[in-house]
Amino acid sequence: MAVPQVVRSEWTKIRSVASTVWTLSLVVVVTVALGMLISALSKNEFDSMNAQDRAEFDPTFISFAGMSLGQLAMIVFGVLVVSNEYSTGMIRTSLAAVPQRGSFLFSKIAVATALALLVGLVTSFAAFFLGQAMLGDHRAEIGDPGVLRAVLGGGLYMTLIAMFSMGVAAMLRSPMLSLGILMPFFFLISNILGNVDATKKVGRFLPDQAGSRIMQVVPPLDDDTPYGPWGGLGIMGLWVLAALIGGYVLLRKRDA
Amino acid sequence: MIEAVGLTKRYGDKTAVYNLSFQVRPGAVTGFLGPNGSGKSTTMRMILGLDNPTAGQVTIGGYPYRKLPNAARQVGALLDAKAVHGGRSARNHLLSLAQLSGIPARRVDEVLGVVGLQDVAKRRSKGFSLGMGQRLGIAAALLGDPQVLLFDEPVNGLDPEGILWVRNLMKALAAEGRTVFVSSHLMSEMALTADHLIVIGRGQLLADMSVTDFISANSADFARVRTPDTEPQQREKLSSALTEAGGHVLPEQDGALRVTGLPLPRISDIAHDADVRLWELSPHQASLEEAYMRMTQGAVDYRSTIDQKEGLQQPLPPGVQPPMPVPGQGQPGWYAPPPPQQGGQPFSMPPQGAPGPYGAAQGAPGPGTPNPYAQPVPQTPPAPQGAPQGQAPAPQPPQPSQPPATPTSDLTKPEDAR
């Protein structure tokens, strides 16, 4: 089975279901809109901030504030792309047509990842420029040091979130179970672990905590994070790799 | 050619398929039969490489499915009609499958026409009926013009026109030299479609033979003989005459006789010699269904029982008999109910018990007494038969005859006691 054929087939599959359009538009709309809102609020608050807060003021990162919510839509996209096959029973038709399960899974993930990367970059750039427009005088320019890295990183972060969700969904198969684990994890648990002092050191190695480091341009003053922006993205990449390998191993072994 | 050798599949400690070996040859429709849960679908899934066998192997054209080069062009399968993403249109579903094996989009429109779905091609398959889903699944199987075709219950939910179409399609595919493997529960359908049968029960092979061989090996053909209903003694006479001649006679429920071991002309001669007129003398070849039932009766896992509806029905008010069960439900000697009797208790007791003690009790029961009709039936028959009508009421009257006097005392006594 030639991989390009499987990729084309997966592209047909992914573009022909409504959930793709819905989840990905939600990613853009939620991330950008929330980012603009928080940017506008921060601009008004800037004058009342103390010196330390002003020194730590990171206009780039503020315009990405919507990602905490937008990534949830990305998770839904990643989960549905894979687990739809299981919840509809389509997996048996698919695997009967592509007995090479590795080709099947990785073609699917490649297509969805490419789409997620495209949407992620669009979201990231849109959120940056529109967010900066809201910040008025306090805005950052795309040419400022570290800013372009942060904006591209935002797109990569979204892509990796989608890939991680695909890997988890390939392991768990059920959309409800996958979403039930991933949503609260990224929305609540990771944040809690990252903000409680006792667990902070562990929490910052979680995929989203480590990955979102790349979107910061001005690090906090008392920053003691043991990795840099790209190091953080690398840690997130390792999580993604683990999830995908887990998904592949289980798919290979398991009865469909 | 599909070849299974020692195929075994266990799920935990449950063995779904055990040591199954068979061949499905090209150029014929091979039917795959077995009761629910006998392992048909598991076997189909193992053929398609979806489930891994615990032991043994199954190959298509010499290759295990997962090693088959360009599988989608060689094997077409319909496993589950509803195994499609409901939000995707029929055409896109087929297109995604076609692109897998480099089949041009033109072919998708072709097969949509073949299965008659061209008008709903752009509609989401969510809204499809079971029959339309089956047609979509068959279209997917035909897509790659494969040499080997597997169909799991293809006629489920199809209309008669669709069933006829599937039947002709299977035969046409086989006539072109393809390997066609079809599972079904519909025996009459299999009898018409299949040339060869593979029957499994509890995951083990029960039969692997042609349809005609299967029927004759698993059924006893018989003759049905009917004598005039008006003269039962003729029936007795013929029965004994046939038995004497070496036949085996079984009475049927409607009064006919089922005769085995004697050819039809011989039965006619015997009847003539015995001077018995015949209303019916007909040959019966057992259907595939009967042959199948006979073979698999020991291997059925899920057998229905009579619905007791325990706790679902309202408790009957005292004195009302439960309704008579439907004839034929587990009662071998069932006959028509006695004619309705006065008192509104038409079906409550065997006919011979009716005129007995209850004749006296008619209309007499007083308030607060147990209704005599609610008594268990078996107690009553001996009385009227053994004793004359006049005496029969004597042992029983305590109930019917006293009530008119007792109501007052019965009701007041407890109150006095307190």
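How many residues does the contact take from chain A and from chain B? The contact takes 24 residues from chain A and 31 residues from chain B, where two residues are in contact if their C-beta atoms, placed from the backbone, lie within 7 Å. On the chain A side, α1, α2, α5 and α6 each supply at least two residues.

A word on the model: it is predicted, local features need pLDDT of at least 70, side-chain atom pairs count only at pLDDT 80 or more, and totals for chains, interfaces and linings use all residues. Residues are numbered from 1 along each chain as its sequence is written, while chains are lettered from A and ligands numbered from 1 in the order in which they are written.

Now let's look inside chain A. The axes (lines fitted to C-alpha atoms, for helices over the stretch in contact, with angles from 0 to 180 degrees between N-to-C directions) of helix α1 (residues 3-15) and helix α7 (residues 101-135) come within 9 Å and cross at roughly 55 degrees. Helices (H or I, at least four residues) and strands (E, at least two) are DSSP runs, numbered from the N terminus. Among the α1(A) residues that meet α7(A) are Val7(A) and Trp11(A).

β6(B) pairs with β7(B) in the parallel sense over 4 bridges, and Leu78(B) stands opposite Phe151(B) in β7(B).

Methods: Two strands pair if DSSP finds at least two bridges between them.
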